[in-house]
Amino acid sequence: MGIDIGSTASKCVIVRDAEGVKEIADKALIPYGAGTSGPARVIEEALAGRGFRKEDMACILATGYGRNSIEMADFEMSELSCHAFGAHFLFPGARTVIDIGGQDVKVLRVGESGVLETFVMNEKCAAGTGRFLEVMARVLEVKLEDLAALSAQSTERVDISSTCTVFAESEVISQLAQNKNRRDIINGIHRSVAGRVSGLARRLGVAEDVVMTGGVARNEGVRLALQNELKTEIKTSPLAQYAGALGAALLAFRKLGG
Amino acid sequence: MSTIQELLSQFDAAAANPKAQLEKHTAAGKKAIGCFPYYVPEELVRAAGMVPFGVWGAEGTINAAKKYFAPFYCTIAQMSLELALNGKLDKLSGVIMPSLCDTLRPLTQNFRSAVPQLPFIFLAHPQNRHAPWGVEYTKSQYGRVKKKLEDIAGAPITDSALKDAIKVYNESRAARRKFVTLAGKHPEAVSPVQRSAVLKSAYFMDKAEHTALLADLNAQLEALPDAAWKGPKVLLSGILADSRNLLQILADHNMAVAADDVAHQSRAIRADVPDAADPMTALALQFAAQDHDVLLYDPELLKRPEYVVNLARESGAEGVIVLMMQFCDPEELEYPSLKQALDKAGIPSVLIGYDQQMKDFGQARTQIQAFADVLNARK
């Protein structure tokens, strides 16, 4: 079992060995992260799906911001190593992994076997993270999950700063006061995130295949803006948000020698 | 005889409680002079019969000093002023403040204005320090410092006293350099936090006392059998590496500090004062010999990064942790050259932002743990 306790969501993946092939037995996601009821609930939900008990798990590995708070875990590892493994499982050709989570942005270089080779991480600043998008969605009175669809309907370019979440929020309010269209503002917000993240990615160097993981990978608008900025295809998967927990479960197998 | 751990506890106690050390000096009737970063010729203070006392900020929260600085300002400067404004430096009899970077220069002005009651000694080192006229300039600046220290002490600094002080300091630097090597060889005996405490306590303790204690520790470390260390060994680079929280994270992940390129640690003790008939000339020649520091002008841009690469190789470090002091222009400007040199040499590195107001070390923990994974995977 791999448990990924992020800052805004808890994820859990159970992997089993089916005649030498690793496959996902069950998974769960609760949109509450470290310090909430999310971790306990996500474990309960992942086990309940197929009627598993904790005792059925051969090894439990915790990762993510809240990894140290999971008492039932046998091991804990940084989410960077876990995302590298999870992304490699989903896309074996992955060499660059862009993981945008609730409060962190990480760009990872992954080896052919899925091992983390090097990485860069954002500084203590919310710009470019999931938190940035949450703040903007609230100001725009739009649901987080609707951002991508609205952005796709943009017709006019509106630029939003990528320097600071607080200042960018003021910019958005100013654009709204000027009666700018929400769709165009959202498109500008996505380009703002892409600008910030691409700078970090270029610092590491972008090697193909490029894969996006983390909760923000669910936002197609950010993925397209990032793809446009980096001038390369960026792959993602419906399991992108589970990549950390998936990698943790795969690394739990390794701990058992599998 | 004290054991290694008992000796390390003594250094740790001194490093953790500078206030007690300062009060000990003043209770003994000694005047103490605050020595700010970087390269203060502390020998002059000792020769004047006073105690040099290092002031490199402190971990805490900045409130009163905010009146004097923009938020995006080095926290060593801000916290040093905060300490003074909160009365924590009241027992000092004066301060010596160099101006080797663009952050320290305004600090010298703001400090004078904000803390007028504390006798202030400004020190302008020359960046062109090698040429004879550079050495002469350093000597003239040190002469100014000497005169002001004599005024505070109420007595002249004799050549004989200065030569004695130079001897004490050269012995202290040699003992600390030896300790850095031994701590790198024996991480099983000296943790990253303890290593930092030994080096940091030298800024607060009487140097001769510190050296005597350290000589005992070094002798015992030298007598230890070679030990195999399974975890990764790293080199630390940056301005400061004295945060207990950060260093404990290294220990938590079985990481050892093989060596350092830290301004507060090894960069400060690389050059000894050479023999010279005139001790003031000798002190100026020591500054001329300081090298491989982002704060010092070097016409050969890539010489310092190569030095750090060689230091990593020679010390057996498998990776480099760059502790980037937030808003430190010299460190940030140099970083791309350093990163390029490390990449070229195939030495993994990680950049971790640090400032003295840091309360949450979660992000640093994630980075250090992932870096340990990277280094372990290469073994």
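In what order do the four strands of the open sheet in chain B lie? I looked this up at the outset, bearing in mind that the model is predicted. I read the order as β2-β1-β3-β4, with parallel pairing. At the edges I found β2 (51–54) and β4 (120–123) of chain B, each of which pairs on one side only. I noted that neighbouring strands of this sheet are turned against each other by 25 degrees on average, direction ignored.

I then followed one pairing of this sheet. Strand β1 (residues 32–35) of chain B runs parallel to β2(B), and four bridges join them.

I found helix α6 (residues 132–153) of chain B lying across β3 (94–98) and β4 of that chain. Its direction makes an angle of about 170 degrees with β4(B).

I turned to the nonpolar cores. The largest one holds 190 residues. Those with the most contacts inside this core are I3(A), A248(A), A249(A) and I96(B). In general, nonpolar side chains of soluble globular proteins tend to be buried together.

Which residues are in contact with I96(B), leaving aside its neighbours within four places in sequence? I recorded I33(B), C35(B), F36(B), V40(B), I121(B), L123(B) and V145(B).

I took I3(A) as my entry point to chain A. On strand β1 (residues 2–5) of chain A, I3(A) and I5(A) are buried on one side, and G2(A) and D4(A) are buried on the other. Both faces of this strand are therefore covered.

I also checked the strands that pair with β1(A). Strand β4 (residues 61–63) of chain A pairs with β1(A) in the parallel sense over three bridges, and A62(A) in β4(A) stands opposite I3(A). Strand β2 (residues 10–18) of chain A runs antiparallel to β1(A), with four bridges between them. S10(A) in β2(A) is the bridge partner of I5(A). A hairpin through four residues joins β1(A) to β2(A).

My last entry concerns helix α3 (residues 130–140) of chain A. Its buried residues are G130(A), F132(A), L133(A), M136(A) and L140(A). These lie on the same side of α3(A), because they cover an arc of only 150 degrees around the axis. I listed what covers them as including β6 (96–100), α4 (147–152), α5 (165–177) and α6 (182–204) of chain A. Just after α3(A), I noted a positive phi of about 55 degrees at E141(A).

Methods:
Residues are numbered from 1 along each chain as its sequence is written. Chains are lettered from A and ligands numbered from 1 in the order in which they are written. This is a predicted model: local features need pLDDT of at least 70, side-chain atom pairs count only at pLDDT 80 or more; totals for chains, interfaces and linings use all residues. A nonpolar core is a set of buried Ala, Val, Leu, Ile, Met, Phe, Trp, Tyr and Cys residues joined through C-beta atoms within 7 Å. A residue is buried if 20 or more other C-beta atoms lie within 10 Å of its own, exposed if 12 or fewer, and partly exposed in between; C-beta atoms are placed from the backbone. Two residues are in contact if their C-beta atoms, placed from the backbone, lie within 7 Å. Helices (H or I, at least four residues) and strands (E, at least two) are DSSP runs, numbered from the N terminus. Two strands pair if DSSP finds at least two bridges between them. Axes are lines fitted to C-alpha atoms, for helices over the stretch in contact, and angles run from 0 to 180 degrees between N-to-C directions. The arc is that of the directions from the helix axis to the C-beta atoms.
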